[in-house]
Amino acid sequence: MAITAGDTVTIEYTGRLEDGSVFDTTDEAVAEEAGLLEEQPNREFEPLTVEVGEGNLIEGMEDGLIGLEAGDSETVTIPPEEAYGEASDDQSREFGREDFESMVGQEAAEGMQVQAQGGATGTVAAVDDDTVTVSFQHPLAGETLTFDIGVLSVE
């Protein structure tokens with residue numbers, strides 16, 4: 001049975017950047033080799049079950065699943081506009097350093113992850129004496145992504 005929108009599928013996958021580095025996977029052995037087990041110690045690396053067309057996957061991955069069947073394997077290359085969008089400076093916000101540090105309760109540092117009141121996650125991109133710049137852009141924005149996908153089941 002070929003996958004269509006509304007089907008529930010269980011897949012395994014490994015996602016890579018253009019340089020070949022792994023940024024996500026459902027395979028624990030691949031995760032360990034790529035250092036993802038250390039970065040995400042509480043995550044279980046196991047097959048993913050989702051309903052196709054519900055928006056739980058990036059657009060390019062959902063499109064890549066359409067027409068596949070249980071047992072199929074496919075490599076899908078997804079341009080930024082079908083993944084996490086193009087990189088843009090529009091998604092950065094500057095804060096006064098004192099105000100920022102008061103809000104988060106600690107000293108600002110580049111690379112620090114913060115959560116906005118609305119729930120958006122940001123990364124501190126720059127810190128100077130007076131200001132802190134936080135990017136609310138997805139870390140994979142602007143990246144072309146390649147996924148090796150295996151379809152385990154289709155319901």
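A: Q113 has T123 as its bridge partner in β7. The model is predicted, so to speak of local features a pLDDT of at least 70 is required and side-chain atom pairs count only at pLDDT 80 or more, whereas totals for chains, interfaces and linings use all residues. Residue numbers start from 1 along each chain as its sequence is written, and side-chain values use heavy atoms, with hydrogens and water left out.

The bridge of Q113 and T123 belongs to an antiparallel pairing of β6 (residues 113-115) with β7 (residues 121-127), made over 3 bridges. Strands are DSSP runs of E of at least two residues, helices are runs of H or I of at least four, and both are numbered from the N terminus; two strands pair if DSSP finds at least two bridges between them. Between β6 and β7 the hairpin has 5 residues, and in this hairpin G119 takes a positive phi near 100°.

On the other pairing of β7, 4 bridges join β7 to β8 (residues 131-135), again in the antiparallel sense. T123 takes part here as well, with S135 as its bridge partner in β8. The hairpin that links β7 to β8 runs through 3 residues.

The nonpolar residues come next. A nonpolar core is a set of buried Ala, Val, Leu, Ile, Met, Phe, Trp, Tyr and Cys residues joined through side-chain atoms within 4.5 Å; buried means under 20% relative accessible area, exposed over 50% and partly exposed in between, with a 1.4 Å probe on protein chains only. The largest core has 22 residues, and I3, V9, I11, M61, L65, F147 and I149 touch the most other members. Two or more residues come from each of β1 (8-16), α3 (59-65), β4 (73-78) and β9 (145-154), and β9 supplies the largest share, 5 residues. A second, separate core of 8 residues includes F100, V114, V124 and V134.

A search of the whole structure finds 3 aromatic pairs. Rings of Phe, Tyr and Trp (its six-membered ring) pair if their centres lie within 6.5 Å; planes under 30 degrees apart count as stacked, over 60 as edge-to-face and the rest as tilted. Y13 and F147 are edge-to-face because their ring centres are 5.8 Å apart and their planes stand at 70°. Y13 lies in β1 and F147 in β9, so this pair ties together parts 134 residues apart in sequence. Both partners are buried, with relative accessible areas of 10% for Y13 and 4% for F147. The pair of F95 and F100 is tilted, with 5.8 Å centre to centre and 50° between the planes; F95 and F100 are both buried. Y13, F23 and F147 form one aromatic cluster.

For the whole protein, the secondary structure comes to 4 helices and 9 strands, and the C-alpha trace spans about 60 × 30 × 30 Å along its principal axes. Of the 155 residues, 34% count as buried.
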